Amino acid sequence: MATLRISDIRKKLGGNDILNGINVDLEDGDFLVLLGPSGCGKSTLLNMIAGLETIDSGEVRIGDRVVNNVHPRDRDIAMVFQSYALYPSMTVAKNITFGLQRRGASKAEQAAALDHVAGLLQIKPLLNRRPAQLSGGQRQRVAMGRALVRDPKLFLFDEPLSNLDAKLRGEMRTEIKRLHQRLGSTIVYVTHDQVEAMTLASHVAVMKNGAIQQYGEPQQIYERPANMFVAGFIGAPAMNFVPCVLTQNESGQYCATITQPDDLRTKIELVLPTGNTDLSARLGTDLILGIRPEGITRAPSGADDTGSFDLVVDVVEPTGADTMVVFNLGSKEVTARLSPKDVVPAGQSMRFQFKMNEVSLFDPDTTNRIEMGE
Amino acid sequence: MLDTSALPGRRSIGQIIGRITIYAMLLIFATYYLMPLFVMLSTSLRPLAEIKSGSIIALPREITFDAWVKAWGQACIGTKCDGLSPHFWLTLKVVVPSVIVSTVLGMINGYALTKWRFKGANLVFGLMLFGCFVPYQAILLPMAQTLGTLGISNTPLGLGLVFTLYGIPFTTLFFRNYYVSIPDDLIKAATIDGAGFFATLWYIIVPLSPPIIVVTVIWQFTGMWNDFLFGAAFSSGAGQPVIVALNNLVNTTTGVKEYNVDFAASIIAAIPTVFVYVVAGKYFIRGLTAGSVKG
């Protein structure tokens, strides 16, 4: 277990910036998820921490030691690969103890460590099989066993669950979480799956084009996304973005005013939870209102006009627990996640309400979040 | 593979005729291809007198191993009459180490070129490939000069060196193309596990390599064993490899042409390659078609 400090890491490859000044600070026992679409540099960053790729500039520090020029073998790390990378010719037991053997551990030490890890991951019956004889989930466990057995300072996971089917992925996710809680190890975990990021991480770094878009705790990233990319990447279905104009009502409250594309150009005025923030400079400008599907509810009967509005339901998509309701708002398709009992059939009108304390506001030019007071 | 004969549906007369035609064709071609071997074997077992009188296709009336004994130990090659055996053992002595050395070097090359890629690896590989295309004749004179300078002309060592050098481009190509399909993650995992260049090769890569090793060994062994040009160019007298000696044996005419001895000698010279194919043949096809190694 150790801290991990990454300062201003950069990497160029053939004139392209692969990584653009990455800074990360992990405490002992943190679970960092590097989240982003493919090609965002997250795997490169992980490989740099592992020592499998060189660092152009910047510094990686594991514990108190700068490891830029330390061989991967000597960094005291372990890595779990997407392909598992189990040695095909070796039995499960050999696979797990290979690292110990290369480090000159005695037979007795190897056996003890193997026994411990096999018990932890419940793979004792598999020890004499070869990787080809294992199912995907079993290979995944063995790959983790190989990482755990050396009790390294830092665990690196490179999309470890993306080769598993959905059900198994959910189980293994829980397993990884449980292992982390139990062992308290420091983990860096790369994924493009936002559900894994949300469920596992103590900290998430959302990456795009070789730069960290936002770094923070999962809930914070979910609730207060730093820009529209982060907002759209986290959460499924994705956050709805509705163009609006910033106005002020009679009582001086800031409002997001959405113009419906109907003949009457109906205006929907939503009071923003701006608190004491002074947004007067933006009055009259176009903004983007971000609202998550779960931030839209059916307005209770007898609700007042502010913040609720009647709209025709376009499409209804039941998913079992929730039903997705799609309607048009401000010439955008907006998805609401509603309880099935609240849903009216497609084509009928229903009254929606936004949970205004959950909305985000973005600048359409920079796509950055506009902060509103508490 | 789909067994068409086991598919449901009625057998029609047409299908049965089709079957018969197919097997008849197969039988005809099998006979046709086996005929030369049969003639060689039967002739080598006949006494010389019978060869002159009888048909060459008929079975031998009288079986004798005299021709084999003579071909192995007494036939005259040039002026020496020791048979093929000294050349046979000499060739084995040259070919076996050459096969081993060129295969091992090809393995290391292929491994380095795919898994430890360095700047200019593609260029190096391109140049090595070029070695596959250089015609044998083009290197005869430079090689003769090199062997002379090294003082190993007309020695088993010299011939072995030529075989090994000429084999490396091919073995490198084989191993490189095979190792390309081994996932790089295995090497990364081994690196983190603390295995270096040779430890990774030995513990991870070599155990995955038997199919391609077999292919390479067969290829190299047959190529070197059957070589004529290098043997003829870089050796003489007692230093000649078996194929060159065979040629000289057949061409050494003292009186009557002994077809039975010639054929026996030919078969003797071919036995090692046949042996290698029989022992390792099934791996040969497997290795040629082997694709990815599942991790």
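**Stop 1: a helix in chain A.** Start by selecting A:Q194, which belongs to helix α6 of chain A, a helix covering residues 194-200. Keep in mind as you look around that this is a predicted model. Is A:Q194 buried or exposed? Its relative accessibility is 12%, so A:Q194 counts as buried, because buried means under 20%.

Now show what surrounds this residue. Setting aside neighbours within four places in sequence, A:Q194 is in contact with A:L35, A:F233, A:I234, A:G235 and A:A236.

**Stop 2: the disulfide in chain B.** How many disulfides does the structure hold over all chains? The count is 1. To find a disulfide, select B:C76 and B:C81, which are joined with an S to S distance of 1.7 Å. Turn the view to look along the S-S bond of B:C76 and B:C81: the torsion there is about 100°, so this disulfide is right-handed.

Next, display the surface around the pair. B:C76 has a relative accessible area of 27%, which makes B:C76 partly exposed.

**Stop 3: cysteines in chain A.** Go back to chain A and select A:C244. A:C244 counts as buried, with 3% relative accessibility.

Finish by selecting A:C40, another cysteine that counts as buried, at 2% relative accessibility.

Technical notes:
Residues numbered from 1 in each chain as written. Chains lettered and ligands numbered in written order. Predicted model: local features only at pLDDT ≥ 70, side-chain atom pairs only at ≥ 80, totals over all residues. Heavy atoms only, no water. Helix = DSSP H or I, 4+ residues; strand = E, 2+ residues; numbered from the N terminus. Buried < 20%, exposed > 50% of the residue type's maximum accessible area, 1.4 Å probe, protein only. Contact = heavy atoms within 4.5 Å. Disulfide = S-S within 2.5 Å.
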